[in-house]
Amino acid sequence: MTVTAVAPARRARLDLSWPVLIGFALILCALIVLPMSWLVYFSVTDKGHFTLANFVKLATDPTFIDPLVTTVILATSSAVICCAVAAPMGWLIARTDMPLRRTIRALVTASFVTPPFLGAIAWELLAAPNSGLLNQAWRALLRDPQAEPLFDIYTLPGLIFVVSCYTFPYVFVLVANALDRIPGDLEDASSILGGRTWTTARRVTIPLALPALLAGALVAFLQAMTLFGSPAILAIPAGFHTMTTKIWSLFQYPPKLELAAAASLPLLVLTVLLLRAEHMILGRRSYALVGGRQSDPRLVRLGAWKWAALGFAFLVLLNPVFLPYGALLNAAFSRVATQIVSFGNFTLRNIEFVFFELSATKLAVRNTLILGVSSATVGTLIAVVISYVTARKAIAGWRALAFLATAPIAVPGIVLGVGLFLSYTRPPFVLYGTLWILLVAFVTIALPAAYQQLQAAFRSVSVDLEEASRILGATRLQALAHITAPLLRTSVIATWCFIFVGVIRELSAAIILFTSETKVISVLIFDLNESGDLGAIAVLGLIMLVITFAVVIAINRIPGFGAIRLRNA
Amino acid sequence: MKLSRRTFLKLSTALAASTAFATRVAAAPPAEPVTPALIEAAKKEGKLAYYTAMDLPIAEKFAKAFEAKYQGIAVRVERSGAERVFQRIAQEQGSNINAVDVVNTADGAHIIVWKRNGWLQPYVPEDVAQYFPEQYRDPDGVSALTRVWLSSLGYNTNLVKAEDAPKSFADLLDPKWMGKMVKAHPGYSGTIMTATFQIARDLGWEYLEKLSRQRVMQVQSSTDPPKKLALGERAVMADGNDYNLILLKERGDPVEVVYPTEGTPFVSGPTAIFKSAPNPNAARLFQSFLHSREGQQLLVDFARQHSVHTQVTEKPGALKLTDIKLMKDDPVGVEAQAEEIKARYAKIFKV
């Protein structure tokens, strides 16, 4: 390589970097800084005047304090339950010779794909105290139609249970992936030095997996705290609010936007604090375990216990997958949603209604697909560029980009919804009423996870590989095309699918931002739940799941993309 | 259900307050027949957004009947509880989003607000001028009373014997119904907003406070309690609507309607066209269809609600409104108190 060849290349890079930096910084500002500024502004104003009255009301009015307390209880309990279930599951799947491990992993993915609000409705069908299928079975078993119900889903414990069902995949994936990544050599070293199976587990495996578990607990807490759909479906019938449903209720006419903005801030502050805490605990403990060489993890032999382990895994999966899907399928074809389908009550009426009578179906399915594909594409693009730039420190100011890309993680969906509503219903940017505002919301929500995932992928492809190819004479772009891109393809597809799935199941921002013409399936299902049309919900929910799985499978079938799993999701 | 002249006299007392503004000098535009030109113009628009609080499958039935009659005009039904419809429209109009063409609410107070905001387009279908008694028409022609129904009580006949069933609101306070009732919410449902206003006025808020201590299952739309009864999820419905119960009963589900002895809340559902309607001609055509004899007969036969159209024939054996003790409708009163009702209710029932 001669000096003359290097000089223009360097100038070209410099020329490109500023527009990229400024362009993406502007995009990220529109996504995150603008809505949050409006949120803070509204929270300290009352019709344009500065005031702290909103916060005083928040801190003194029991109708705000109770939901906050409930939310903290809900989030804490869910986090604990998720960890208690996901940690052993993750270990069984990543580190033991339990049979059907791949199947179980796929089924956990299915529970991740299931929208939590749909899960909540399915659990209404299963465990409503009187009509719930499980309670009916219980009474039949006791031969006592007057018996007290076995489960009552319309309670705080019921809500905690359902929320945990659909939050535990996050913890599971984090733990299982961490366990996957612990190279076998470390454990081998331990056993060569005389450590027994349990000593090795205690001294090597568990300490290495602990950060992931802690991170999982945190993610579960945040998820449970910011979830809207499940509480709206289960808590309101039970007669209590969580913070998210309370914020939503403030949009009732006449809307109390200032109060909604103020009520959003505790969620925001709590999230930021927790993320700081996580950073302090885990901060410096990042370790590059994936390099050019890696040995497979060593599997613990369970012996006869493996069947017990499998039983445990299926018992766990009964709750987020088998039972709810069964209940939805049953409701779709039963004349009465909570009667087991038989010759007497089999009906295609719900299918007919959703496909041929319900005039909102077509619009909602179309909007959902458009938003799913466009958000996934735009989100992945932004995430790829930013994570490349930050992983390779390619331009000055990459830290700012990295910060902006991760910042939305601290913004719960409903808070972002309120912020975007405040930002984009007034000039200069009037996006409310168009699909754009939903696109902005969905991309923003998905960005941190997408960015972190791709950034980790860029990092795991150690620079040595790129540098090796450049030493052998390749240009930067050639190195990217021939070395990095093929190695990252799987991650990029995984990210795309992850965003797509996330958009399909999103409700908390959509419920604030939709208009009648920009309705998505999740909002339509939520509306149907309001009027108790369970059969139609079951059909729409199944359509939603079919679309999700079809798109994810189709994307994976595109020639050259190879099989991927959502395991990094 | 057709209402005879005598019925009108009785009903007009029920609707007394809503007629208060009828005494002004009427400024309604002349009645308009459905002309080929209107149909042509409507077909050119080809679509229509119909916001309503009516039970979804029934609302879709009206949409399909309209589409069958005027082919090439697709009706999109936007259904949720009337208070959510009201909120949706306020949010959309506030942001200059012109999406709504026609709206049928379950809370007459909404018409007062929209009219005051200058959002409604006067239009009087021929049938309304000819066959709708004067007190059910807006004097300025911005709305017509499309439907009337009641917020009754009800019970599941598998879970409750007829002799044990509650007969009155007071009966619901019996400890034996603790944890066995379901009711809808005035923050979401216009029917329940109207009913809560009338109950609080006639029985006092103390009644609702006592009811709240009965661990009532709280759903949102007034169309949901009848469905929860049919599922057997709760034994008794403390409010909701009677038409869904009648429909479920006719379908063979184990439910029964109870009109409480203190009087049953009376709910009126007017329809109006928005000035900013993106499909104004389709909106007019739909408004005419909805209030035509055909549309109103559909309401009586299929939707099991009550019509004020004098040419409509009632179903044999159906209970007449005049046979039921009714509470007095008062949209003006609801309009004045809506916010207070929502706040007070949320305080009492915690949601």
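How many salt bridges are there between chain A and chain B?

Tutor: The count between chain A and chain B is 7 salt bridges. A salt bridge here is a side-chain nitrogen of Lys or Arg within 4 Å of a carboxyl oxygen of Asp or Glu. Two ground rules come with that count. This is a predicted model, in which local features need pLDDT of at least 70 and side-chain atom pairs count only at pLDDT 80 or more, while totals for chains, interfaces and linings use all residues. Residues are numbered from 1 along each chain as its sequence is written, chains are lettered from A and ligands numbered from 1 in the order in which they are written, and side-chain values use heavy atoms, with hydrogens and water left out.

Start with two of the bridges. A:Arg335 pairs with B:Asp253, with 3.0 Å between the closest N and O atoms. A:Glu530 pairs with B:Arg79, also in a salt bridge, at 3.0 Å from N to O. Helices (H or I, at least four residues) and strands (E, at least two) are DSSP runs, numbered from the N terminus. Over all chains, the salt bridge count comes to 31.

Contact means heavy atoms within 4.5 Å. By that rule, 48 residues of chain A touch 46 residues of chain B. The size of an interface is often given as the accessible area lost when the parts come together. Between chain A and chain B, the buried area is about 4100 Å², and carbon and sulfur atoms give 50% of it. Buried area is the accessible area (1.4 Å probe) that two parts lose on being put together, summed over both.

Polar contacts come next. Across the interface of chain A and chain B there are 22 residue pairs in polar contact, both residues at pLDDT 80 or more. A polar contact is a pair of N or O atoms within 3.5 Å; within protein, one must be able to donate a hydrogen and the other to accept it, and residues adjacent in sequence count only if both atoms are side-chain atoms.

Which elements does chain A bring? Those giving two or more residues to the side that touches chain B are helix H10 (229-238), helix H14 (349-357), helix H15 (360-391), H21 and H22 of chain A. H22(A) gives the most, with 5 residues. By class, this side of chain A has 26 nonpolar, 15 polar and 7 charged residues. Ala, Val, Leu, Ile, Met, Phe, Trp, Tyr, Cys and Pro count as nonpolar, Asp, Glu, Lys and Arg as charged, and the others, Gly among them, as polar.

Domain bounds come from an automatic or database domain assignment. For chain A it gives domain 1 (10-51 + 356-569) and domain 2 (61-283 + 299-317). The contact takes 40 residues from domain 1 of chain A and 39 residues from domain 2 of chain A. Their centres, taken over C-alpha atoms, are 23 Å apart. These two domains of chain A bury about 3500 Å² between them, 77% of it on carbon and sulfur atoms. H23(A) supplies the largest share of the domain 1 side, 7 residues. That side of domain 1 of chain A has 27 nonpolar, 8 polar and 5 charged residues.

Chain B has its own domain interface. Its assignment gives domain 1 (5-149 + 266-320) and domain 2 (150-265 + 336-349). The centres of these domains of chain B, over C-alpha atoms, lie 26 Å apart. In chain B, 21 residues of domain 1 are in contact with 25 residues of domain 2. The area buried between these two domains is about 1700 Å², with 54% from carbon and sulfur atoms. Here the rule finds 4 salt bridges. B:Lys315 and B:Glu250 meet in a salt bridge at 4.0 Å, N to O. The domains of chain B also share 10 residue pairs in polar contact, both at pLDDT 80 or more. On the domain 1 side, the elements giving two or more residues are helix H4 (82-94), strand E5 (143-150) and strand E11 (266-274) of chain B. H4(B) gives the most to that side, with 3 residues.
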